[in-house]
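Dear colleague,

I am passing on to you the structure we talked about, with the sequence beside it. Please look through both before you read my notes, which follow below.

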Amino acid sequence: MINMDLKLRVYSGKEVAKEYSTDEFFITVGVCEDVFRLIDVDALILAADGHNAEAEKTVTRNIVHAFVDFYPIAKQLYPEITEDEFKHCLPNDVATVMWAVMRYAFEQLKGVDAEKNRA
C-alpha cells in the first residue's frame with residue numbers, strides 16, 4: 001500500500017466541476033503493467049541520462065500516445081470516472097497521475113533489486 005493523494009480534476013470551462021482522488025490506493029501489478037505497456041521503458045531509461053536524442057523523441061511520442069490509451073488505467077484508479085469526464089481533465093493532471101504510477105512501479109522494482117543484492 002502506498003500513501004499518495006492522486007487527484008484528477010474534471011473541468012467545466014475554467015471551473016473544477018468534479019474532483020476524483022485516490023488515497024492509499026493499492027497500485028496493483030495490473031495497473032503498473034498497463035502503464036508500462038504505454039511507454040517504451042528502454043527508451044525511457046536511455047532518455048533519463050539526457051544524452052540520447054532519439055530515445056527522448058521516442059519517449060515524447062510514447063507520452064503523447066499514452067494520453068489516448070490512459071483512460072482504462074484512470075478507470076482502475078478512479079472507478080466512478082466516465083470517459084466523458086476524463087476528456088475534460090487537464091493533460092497536466094493526467095500526466096501527474098501517470099508519472100506517479102510509473103515512479104511507484106520503478107521504485108518497487110528497484111527495491112526488489114536492492115533486496116536481491118543484499119541476499
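**The nonpolar core**

Within the largest nonpolar core, which has 34 residues, the ones that touch the most other members are Leu8, Phe70, Tyr78, Ile81 and Phe86. Two or more residues of this core come from each of strand S1 (5-12), helix H1, helix H2 (41-48), helix H3 (53-69), helix H4 and helix H6 (91-118), and H6 gives the most, with eight residues. As background, nonpolar side chains in soluble globular proteins tend to be buried together. Please keep in mind throughout that this is a predicted model, and that every value in this message is computed from it.

If its neighbours within four places in sequence are left aside, Leu8 is in contact with Lys18, Glu19, Tyr20, Ala74, Tyr78, Ile81, Phe86, Cys89, Asp93, Val94 and Val97. Several of these names come back below.

**The chain as a whole**

The chain has six helices and two strands, and read along the sequence they follow the pattern β-β-α-α-α-α-α-α. Of its 119 residues, 36% count as buried, while the accessible surface of the chain comes to about 7,700 Å², with 54% of that belonging to carbon and sulfur atoms.

**Aromatic pairs**

How many aromatic pairs does a search of the whole structure find? The search finds two, and for each of them I give two values, since a pair of aromatic rings is described by the distance of the centres and the angle of the planes.

Tyr20 belongs to strand S2 (residues 15-23), whereas Tyr78 sits in the loop between helix H4 (71-77) and helix H5 (83-86), so that the pair links distant parts of the chain, 58 residues apart. Tyr20 and Tyr78 are both buried.

The other pair is formed by Tyr71 and Phe86, and this one is tilted as well, with 5.5 Å from centre to centre and 55° between the planes. Here too distant parts of the chain are linked, with Tyr71 in helix H4 and Phe86 in helix H5, 15 residues apart. Tyr71 counts as buried because its relative accessibility is 17%, and the limit for that word is under 20%; Phe86, at 11%, counts as buried too.

**Two helices with a buried side**

In helix H1 (residues 29-38), the buried residues include Val31, Cys32, Val35 and Leu38. They lie on the same side of H1 because they cover an arc of only 120° around the axis. On the face turned away from that buried side, H1 carries the exposed residues Val29 and Arg37.

Helix H2 can be read in a similar manner. Ala43, Leu44 and Ala47 are buried in H2, and since they cover an arc of only 105° around the axis, they are on the same side of this helix. On the other side of H2 one finds Asp42, Ile45 and Ala48, which are exposed. Just after H2, Gly50 takes a positive phi of about 75°.

Cys32, which lies in helix H1, is buried, with a relative accessible area of 12%. Not counting residues up to four places away in sequence, Cys32 touches Ile27, Tyr104 and Ala105. The C-alpha atoms of Cys32 and Ala105 are separated by 6.0 Å, although the two residues are 73 residues apart along the chain.

Asp93 has its place in helix H6. Is Asp93 buried or exposed? With a relative accessible area of 9%, Asp93 is buried. Its side chain makes a polar contact of 3.3 Å with the side chain of Arg9, and, not counting residues up to four places away in sequence, Asp93 touches Lys7, Leu8, Arg9 and Tyr11.

With best wishes

Definitions and conventions
Residues are numbered from 1 along each chain as its sequence is written. This is a predicted model: local features need pLDDT of at least 70, side-chain atom pairs count only at pLDDT 80 or more; totals for chains, interfaces and linings use all residues. Side-chain values use heavy atoms; hydrogens and water are left out. Rings of Phe, Tyr and Trp (its six-membered ring) pair if their centres lie within 6.5 Å; planes under 30 degrees apart count as stacked, over 60 as edge-to-face and the rest as tilted. Helices (H or I, at least four residues) and strands (E, at least two) are DSSP runs, numbered from the N terminus. Buried means under 20% relative accessible area, exposed over 50%, partly exposed in between (1.4 Å probe, protein chains only). The arc is that of the directions from the helix axis to the C-beta atoms. A nonpolar core is a set of buried Ala, Val, Leu, Ile, Met, Phe, Trp, Tyr and Cys residues joined through side-chain atoms within 4.5 Å. Contact means heavy atoms within 4.5 Å. Accessible areas come from the Shrake-Rupley method with a 1.4 Å probe; for residues, only the protein chains shown count as cover. A polar contact is a pair of N or O atoms within 3.5 Å; within protein, one must be able to donate a hydrogen and the other to accept it, and residues adjacent in sequence count only if both atoms are side-chain atoms.
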